[in-house]
Every structure is written in structure tokens, then in C-alpha cells.
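Here is a friendly walk through the inside and the surface of one protein model. Keep the viewer open as you read, and look up each residue as it comes along.

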Amino acid sequence: MDGKQTTGVYTMEGKVLVPDLSGQTIVHEKDRQGRSVMYQMFEGLRLSNYFPLSCLKGIRTLQLRPDDIYLPGYLRTGNHWTWEMTNMLLQGKAETIPRFKDHLGLIPEEEVIKLPSPRVLTCHFFMSQAPLDLKEKKCRVIFTVRDPKDVAVSLYKIHYDRHHLNTVYLGTFEDFLQLFLEQRVMNNGMFDHLRDAEAYFSDNPDVPVHFQVYEDTLKDPVAAVQKLSDFLGLPRNDDLCKSIAEKCHMSKMKVDKDAYAVKVDGDSLFFWKGVSGEWRNWFTKDMLDEYYRVYEEKMAGSRFYERYSRANDS
């Protein structure tokens, strides 16, 4: 085994999370130095061992409601941020939502059923693995997007020196980036996740989708909230949108959501800087060259190709 051989304490909303590994297919993905990251394999995806198999198996057959809102964006793309904004819009007030979020990988189906409408349900599955009801009910989908280079850095921070069951990953970012580019990280990396979503929405044009772009939300958070409000079909209230944008500034969310956050040994796992361009502090020229070699292969033809292409790095 790698690392310190200690077990960190994971908590959510102040309660200790105890993983149920029964039935899980455990994999250890090794970087080129032999340091490994532990996941479970489920329907071809590498997922956290803290997702109970019983929850994962119920996602595809979950009965949706027509007013459900589905947030399936890749990890570290602003999912928590957008979930909070969306719920504030739906409740009509800029007040912190007093729970983590409604994640289908963590909440038993019997608890999901009890949630009042409209539900804002999150899951990082591929869109091709979304609840089957989504097509029939034509639920609104909010798909979060972020520069994959920043996503890679943020994923690394989740893994590095974080006690996970009886392992801890101590590899360099360069070695972790190799795993990211080879799709051997959580949910198999961002490229295939995004392309799968684009194919799904192309094949199902009746499913309404709003792409929430991380960098655009940072640049003009009020406009981002206004667009969310319009997509949700709510009467436009610009004062409310401004209040929500201010309430959801990362500096405030880190404090307001602290009591409900997922933590490892007391440290929040998700609310950090909330910036774009952090990748510049981590990538060398050689790493960028290798990254864009894979990017060109995976993302050519994507609607987001130009936005995150090398030509737009400056």
C-alpha cells in the first residue's frame, strides 16, 4: 500500500461517513511511480468508495418528476456553487440552503422520494447513464463546465495527502496529470464525460439544457444567476439575482456552508479558492504540451473546444 497507512475521518453535515464497501469492485489506479488512488468501479466508471452501491444501482431507475432539475456536471466544475444558486432562486430568497446537497450517489432512494418539489438532484454520472425518466419527463438539466486544466488541479488537491480508507496519495501533480489524461481518475476524467453529454443532448433535443460556465459565472455572477433564473422559467427579479450572486460568493459560501460540508479530518473537501487560471501555477511547458496533445484528440469538434484551446490560454 502507498502512503501513511492511516484512515482519515470523513464527515458530512457534521456526521461521520462510514463507507459500505460490500459488493464494491475495488480498483487501485497506479501512477508511473507506483503510487495508487483507490476507487470502486461501477458500470465502467471509477467512483468514490463512499458512494453506497445501493444508491448507485437506483439512479438509472429513479422515478423523476417533471419539475425536477438535474445537475450532472463533472466534478470540480462548480456543481456545489450552481446547486446553491438554483435552490435560492427556487425558494425566492438569498438564504443558505441548510444541507450539503441532494447527491444521488449519497442519498438512499427512499430519502430522495421524500424531498419536496422542485428537487435539484446532482450526480456526476455520464449523461448516457442518467435516470431513464429524464427523456420522458423532459426535466431541466443544468450542466456545469470549467477549464479542464483547472479541474485537473482541483482533483489533485482532493486526492493529495488526503487520507482515504487505508491509503493516502502522495504523488506529484505531474504524475496525477498522467492519470487524468489516461482517464484513470474519478468518473474517468472530464473529456469523455463532456463529449458524452454533448452526444446525449444532440440525440435528445427535447431535453432542455443550460450550460453553466464556471469562468463566465466568475466574470459576471449576477448575469449568470439571471440566466439561471430565465432557464428555470422564473419571473425575473434582478434584485434577488444580485443578492444571490453576493450570497454565493465563494468567500461567503465557505463560511455559510461549513456546517454542512463534506470534510476530511475537519478540513472542507470542496470549498476552496473559487478562481480560474490556477493551473498556471502547476503546469510546466512539457506538461502543457502533453495535455494539449490529448486535448486535441479528445475535444476536437466539441462546442467547447475553442473556449479551452491553447490559442485561448493567454
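## The largest cavity

The largest cavity holds about 770 Å³ of space. Its lining counts 47 residues, and those closest to the centre are Leu75, Arg76, Ile158, Leu269 and Phe270. Please bear in mind that this is a predicted model.

Which element gives the most to this lining? Helix H5 does, with 7 residues. You can find H5 at residues 148-159. At least two lining residues each also come from strand E4 (36-42), helix H2 (79-91) and strand E10 (167-168). By residue type, the lining of the largest cavity splits into 25 nonpolar, 14 polar and 8 charged residues.

## The second cavity

With a cut-off of 30 Å³ or more, the count comes to 2 cavities. The second largest cavity has a volume of about 30 Å³. To locate this cavity in your viewer, select Leu47, Phe51, Leu56, His103, Gly105, Cys123, His124, Phe125 and Asn187, which line it.

How many charged residues are in the lining of the second largest cavity? There are no charged residues there; the lining consists of 5 nonpolar and 4 polar residues. In the largest cavity, by contrast, 8 of the lining residues are charged.

## A nonpolar patch on the surface

Now turn to the outside. Val9, Val16 and Val18 form a nonpolar patch on the surface, and together they have about 290 Å² of accessible area. Val18 sits in the loop that links strand E2 (15-16) and strand E3 (25-30).

Is Val18 buried or exposed? Val18 counts as exposed because its relative accessibility is 71%, and the cut-off for exposed is over 50%.

## Salt bridges within helices

Searching the whole structure turns up 24 salt bridges. One of them pairs the side chains of Lys137 and Asp133, with an N to O distance of 3.1 Å. Both partners belong to helix H4 (residues 133-137), and because they are 4 residues apart there, about one helical turn separates them. Their accessibility is worth a look too: Lys137 is partly exposed at 25% relative accessibility, whereas Asp133 is buried at 15%.

Arg195 is partly exposed, with a relative accessible area of 26%.

## Another pair, and a network

Asp238 and Arg236 also form a salt bridge, and their closest N and O atoms are 3.1 Å apart. How exposed are the two partners? Asp238 has a relative accessible area of 39%, so it is partly exposed. Arg236 is partly exposed as well, at 42%.

Elsewhere in the model, salt bridges that share partners join Glu29, Arg46, Glu182 and Arg184 into one network. If you highlight these residues together, you will have the whole network on your screen.

Methods: Residues are numbered from 1 along each chain as its sequence is written. This is a predicted model: local features need pLDDT of at least 70, side-chain atom pairs count only at pLDDT 80 or more; totals for chains, interfaces and linings use all residues. Side-chain values use heavy atoms; hydrogens and water are left out. On a 1 Å grid over the protein atoms alone, a cavity is a set of points where a 1.4 Å probe fits but cannot get out, and a pocket is an open set with protein on both sides within 12 Å along at least five of seven lines; lining residues have an atom within 4 Å of a point. Grid points are joined across faces, edges and corners, and a volume is the space filled by probe spheres set on the points. Ala, Val, Leu, Ile, Met, Phe, Trp, Tyr, Cys and Pro count as nonpolar, Asp, Glu, Lys and Arg as charged, and the others, Gly among them, as polar. Patches are made of residues with over 30% relative accessible area and no salt bridge: like charges are joined within 9 Å, nonpolar side chains (Val, Leu, Ile, Met, Phe, Trp, Tyr) within 5 Å. Accessible areas come from the Shrake-Rupley method with a 1.4 Å probe; for residues, only the protein chains shown count as cover. A salt bridge is a side-chain nitrogen of Lys or Arg within 4 Å of a carboxyl oxygen of Asp or Glu. Buried means under 20% relative accessible area, exposed over 50%, partly exposed in between (1.4 Å probe, protein chains only).
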